[in-house]
Amino acid sequence: MTTTQIPARQTLNLPHILWLLLRQQPWRYACGELLPLSFFLAGRLTFSLLLQVFFNRLQQQSGPDLALWLLPFAFILAALMRAILGSLGNRALVTALFKTTQTLRHNILKRILERPGARPLPGSTGEAISGFRDDIEIFAQLFSRLLNVFALTCFTSIALVIMLHASVRITLFVFLPLLCVVIVAQSMKKRLEKYRVASRAATAEVTGAIGEIFGSVQAIQVAGAEERVAEHFSGLNKRRHDAMVQDSVLSAALNSLFGNTVGIGIGAILIMAAIARGSEHLSVGDIALFISFLSNITNFVQSIGTLLAQVTQTHVSLTRLRALLQGASDTALVAPAELYLQRPLPQITLPALDAFSELHTLQARNLSYHYPDTGRGITGIHLEIKRGTLTVITGRIGSGKTTLLRTLLGLLPAEAEAEITWNGVQVAEPASFFVPPRCAYTPQVPHLFSDTLRENILLGLPVGEEQLHKAIRNAVMEEDVIQLEAGLETVVGVKGVKLSGGQVQRSAAARMLVRPAQLLVFDDLSSALDVATEARLWERLFSEEQHTCLVVSHRRTILQRADQVIVLKEGHVEVCGCLEEVLEQSAEMRYLWLKDEIE
Ligand SMILES: Nc1ncnc2c1ncn2[C@@H]1O[C@H](COP(=O)(O)OP(=O)(O)OP(=O)(O)O)[C@@H](O)[C@H]1O
């Protein structure tokens, strides 16, 4: 059995990926970049040709004629056109680029959320954040540059024909530097790629360290490790600084090379024009035309150089984004996405409880999972849970209780021979199957967000106040809510730092209970709740209806209520049965029972 479906990986090349993204909003891109730029370049061409006519007339006649008057008008017209179309186009372009980047972010996030909950990211959080932020921005920059280069290429091609018509030899001199630039840029490609990878990795390390430091301020203070942490952080920053300097210096060197090479080209043209004879002779108008074209050709050359560097960067970014995709095809990366940029987000609704979702029996056979780094975990577990019963999993620390729950629920990928059935039908994808209204789960270490307590419980679920207060009461949280400064509207701080461990645990229980489910799974509430509070919670839960529960615990209060106790030892089921049976059959259980009494 596999818990996640990893589609056969389909790798697309970069141009194909860009094309698929461009195709999603061709009109926005056309209006945003190509149209204004084309008008600008058409205006620029007209202006250059008028300039040629003007200087030729000036050379031939004693005074200026109509061309002189046309020139400023043409210039003003072109500038006006550019300003109007540019500002209109800018809005379309910004929207198009934003949609493209958000589509990529949406698709990667979707893929991450499809992965089993315990292992959603392939690397550190910092690497993922840096991928979401920087690598995707690099895609947007490449898009913008490509469209720009496309328009400039059209301009340069027309300019080339006009220049060749004026003088073949001098025109070739203009394009010689361009050839040099392309050769130099290509030869630097590998080095630039190496520097880019290093600077991205260093940035990810710094981002990750910031996240870890903010997440463990208390632990650092308790250990008195402020100075050592600051030193470590400073070391990471130094590495990032060095990598960024190498990267930036090489990019800047290439850029300045492009600019200066073309400058030298302009000098060469002037010299060639000065010494040209016969058919190669250039008029003042031709020289003015060449020089006026050259500023745009400079632009073109620089853009080509930057484009080549950006293509290299984008290849590096694509490799990193593929790592976040974790085996999914590139088509998943560029698939059109519903973004809700201007419309309100759709309401979250719980799937309706159909006849099949009603639990009668849940069975697991040969459930195994071993952590790749330690080889520890659970092996060959069988279990059966019947409707309306309470099953308690117990065992020593590290015996595999949490691993068993997570593997059953698909949060860890079970090994191949495992089989999970719900009412006798095999569950192909436990991670997406064991969700409300079939199953709800409170983990041992719940995660709260830096939001109000209400939002932390509801997570956007549209339920009435009555249902919310019932869940809070069942989680034995109602007195705490009254005491909090703003009740349910209290902002609980990052990871719920403003709440006690027990309050965090019970908030998570309320989050679970507000979503009615056929199977309720609790992982060891006793780690954060005192005996009396935990007992009240079970009392309330079982007094109102016959829930089906799967609970990890070592507390006698819940063991005594259990219909079935599963005792785990070193990742195996040691014994399974009602409390009397397991106490009678297992020395391990007797040890755990006595230990709880002593504690
Ligand atoms: N992320 C992990 N990577 C590697 N090994 C792990 C990981 N999590 C747990 N283990 C190992 O797997 C075994 C089972 O761990 P598990 O957390 O399931 O035990 P547990 O019975 O739930 O413990 P506790 O009572 O402390 O919650 C342990 O030996 C533990 O060291």
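1. Let's start with Thr421. Leaving out residues up to four places away in sequence, Thr421 touches Thr361, Leu362, Gln363, Gln426 and Val427 (contact means heavy atoms within 4.5 Å). Thr421 sits in strand S4, residues 419-422; strands here are DSSP runs of E with at least two residues, helices are runs of H or I with at least four, and both are numbered from the N terminus. With a relative accessible area of 10%, Thr421 is buried, a word that means under 20% relative accessible area, while exposed means over 50% and partly exposed is in between (1.4 Å probe, protein chains only). Thr421 and Arg365 are 56 residues apart in sequence, yet 8.6 Å apart in space, C-alpha to C-alpha.

2. A quick word on what you're looking at. This is a predicted model, where local features need pLDDT of at least 70 and side-chain atom pairs count only at pLDDT 80 or more, while totals for chains, interfaces and linings use all residues. Residues are numbered from 1 along each chain as its sequence is written, and side-chain values use heavy atoms, with hydrogens and water left out.

3. Next, find Leu461, in the loop between helix H13 (453-458) and helix H14 (465-474). Is Leu461 buried or exposed? Leu461 counts as buried because its relative accessibility is 7%. Not counting residues up to four places away in sequence, Leu461 touches Ile348, Leu350, Val514 and Arg515. Leu461 and Arg511 are 50 residues apart in sequence and 9.9 Å apart in space, C-alpha to C-alpha.

4. Now for the largest nonpolar core, which has 53 residues. A nonpolar core is a set of buried Ala, Val, Leu, Ile, Met, Phe, Trp, Tyr and Cys residues joined through side-chain atoms within 4.5 Å. Ile108, Phe139 and Phe293 have the most contacts inside this core. Among the elements giving it two or more residues are helix H2 (26-60), helix H3 (66-114), helix H4 (125-166) and helix H9 (284-325). H4 gives the most, with 15 residues. Apart from this core lies another one, of 47 residues, among them Leu453, Met512, Val551 and Trp593.

5. Phe293 touches Leu45, Ser48, Phe155, Ala159, Ile162 and Met163, not counting residues up to four places away in sequence. Asp286 has its place in helix H9 and counts as buried, at 12% relative accessibility. Which residues does Asp286 contact, leaving aside its neighbours within four places in sequence? They are Gln52 and Asn56.

6. An unreviewed UniProt entry carries the annotation "transmembrane region" for residues 34-54, 66-85, 146-164, 170-188 and 249-275; such annotations may be inferred rather than shown by experiment. In the model, residues 34-54 are 100% helix, with end C-alpha atoms 30 Å apart. Residues 146-164 are also 100% helix, and their end C-alpha atoms lie 26 Å apart.

7. Last, the second largest pocket, with a volume of about 580 Å³. On a 1 Å grid over the protein atoms alone, a pocket is an open set of points where a 1.4 Å probe fits, with protein on both sides within 12 Å along at least five of seven lines; lining residues have an atom within 4 Å of a point. The volume is the space filled by probe spheres set on the points, which are joined across faces, edges and corners. Of its 28 lining residues, the closest to the centre are Arg396, Ile397, Gly398, Ser399 and Lys401. Helix H11 (401-408) and helix H20 (587-598) each give two or more residues to the lining, and H20 has the largest share, 4 residues.
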